[in-house]
Amino acid sequence: MEKLKSIFLILIFCTVYISCGVYGFRGNNPPPGINRVAVPTFKDESGFSAPDLAETFTQQLKAKIIADNTFRISDKNIADAVLNCTITNVRDEALVISSGDQVSRRKIIITVKVDFENLKKQKIIWERNFENYGEYESSNDSFSERTTGINLAVERVTEDILIDLTSNW
C-alpha cells in the first residue's frame, strides 16, 4: 500500500511539473523565421516643435527590443522583418486648470502609426496606431517640464509597441 501511495505521488508530481513547462505569460510566439528586426528612424509627420522626437523614439524602441531579447536588431538588408513607424500626431493639452484660469498641469499625447512587415514574404503582419500620454507641471518656465512629459509619453508608446510586437499574434 505504501508503494502504491509513493507511485501515485510521483505521478502527480510529474504531471504538475510537466504541465508547468508549457505555459508562458507572453501570449503567442512570433511567426517562425522572424528573428531579426530592422527599426529605421521614425518619420515625424506631426508638425510638433521637437526636432529630436523621431530619433528619441527610434533609440528608445531599439533599446527596449534589445532588452526584451525576443528579436535581434539588424540592418534592413539582412532583417527578417521591419517596423515602419510614423509619428502622426502630438498634442499638448491643458489637464488641470486652477483658479484664475491658470493651467497648472498639462499632458502631451503622442500617436504613432506602426507597420510590422515580414520582409521574406513581402507581407504586412499587422498595422496599428499607438497612442499614449505624459503629464507635466505647467509654469512660466515649462519648456524643460514639457520635455519630461514628452519623455514619459515616448516611454509609454514604445512599451505598447514592444508588447504588441512580442505578444499579440
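Here is a quick briefing on the fold, the core, the ring contacts and a few loop residues of this chain.

This is a predicted model, where local features need pLDDT of at least 70, side-chain atom pairs count only at pLDDT 80 or more, and totals for chains, interfaces and linings use all residues. Residues are numbered from 1 along each chain as its sequence is written, and side-chain values use heavy atoms, with hydrogens and water left out. The chain has three helices and six strands, where helices (H or I, at least four residues) and strands (E, at least two) are DSSP runs numbered from the N terminus.

**Confidence**

- The average pLDDT (the predictor's confidence in each residue, from 0 to 100) is 86 for the chain, and 79% of the residues score at least 70.
- Contact here means heavy atoms within 4.5 Å.

**Overall layout**

- Reading from the N terminus, the elements go α-β-β-α-β-β-β-β-α.
- Of the 169 residues in the chain, 35% count as buried. Buried means under 20% relative accessible area, exposed means over 50%, and partly exposed is in between (1.4 Å probe, protein chains only).
- Take the contacts between residues at least 6 apart in sequence: 67% of them join residues at least 24 apart.

- Strands E5 and E6 pair in the antiparallel sense over 14 bridges; for two strands to pair, DSSP has to find at least two bridges between them.
- One of the links is Lys113, whose bridge partner in E6 is Asn129.
- E5 and E6 form a hairpin with four residues between them. Gln122 sits in that turn with a positive phi of about 50 degrees, and at 59% relative accessibility it counts as exposed.

**Nonpolar core**

- The largest nonpolar core has 32 residues, and Phe42, Leu53, Phe57, Leu83, Ile87, Ile110 and Val112 touch the most other members. Such a core is a set of buried Ala, Val, Leu, Ile, Met, Phe, Trp, Tyr and Cys residues joined through side-chain atoms within 4.5 Å.
- Helix H2 (53-68), strand E4 (81-98), E5, E6 and helix H3 (143-167) are the elements that give two or more residues to this core.
- H3 gives the most to this core, with seven residues.
- Leu53 touches Asp44, Ile87, Val90, Ile110, Ile150 and Val154, leaving aside residues up to four places away in sequence.

**Aromatic rings**

- Rings of Phe, Tyr and Trp (its six-membered ring) pair if their centres lie within 6.5 Å; planes under 30 degrees apart count as stacked, over 60 as edge-to-face and the rest as tilted. By this rule there are four aromatic pairs.
- Phe116 and Trp126 have ring centres 5.6 Å apart and planes at 45 degrees, so this pair is tilted. The pair links distant parts of the chain, with Phe116 in strand E5 (residues 102-118) and Trp126 in strand E6 (residues 123-137), 10 residues apart.
- Phe116 is buried at a relative accessible area of 0%, and Trp126 is buried at 6%.
- Trp126 and Phe130 have ring centres 6.1 Å apart and planes at 65 degrees, so this pair is edge-to-face. Trp126 and Phe130 are both buried.
- Ring pairs join Phe71, Phe116, Trp126 and Phe130 into a cluster.

**Charges over Tyr133**

- The charged end of Lys107 sits over the ring of Tyr133, 5.2 Å from its centre. The cut-off for a charge over a ring is NZ of Lys or CZ of Arg within 6 Å of the ring centre and within 35 degrees of the ring normal.
- Arg156 also lies over the face of Tyr133, at 4.6 Å from the ring centre.

- Asn69 is in the loop between H2 and E3. Its phi is near 70 degrees, a positive value in a residue other than glycine, and at 63% relative accessibility Asn69 counts as exposed.
- Ser74 lies in the loop between strand E3 (72-73) and E4, and at 16% relative accessibility it counts as buried.
- Not counting residues up to four places away in sequence, Ser74 touches Arg36, Val37, Ala38 and Ala79.
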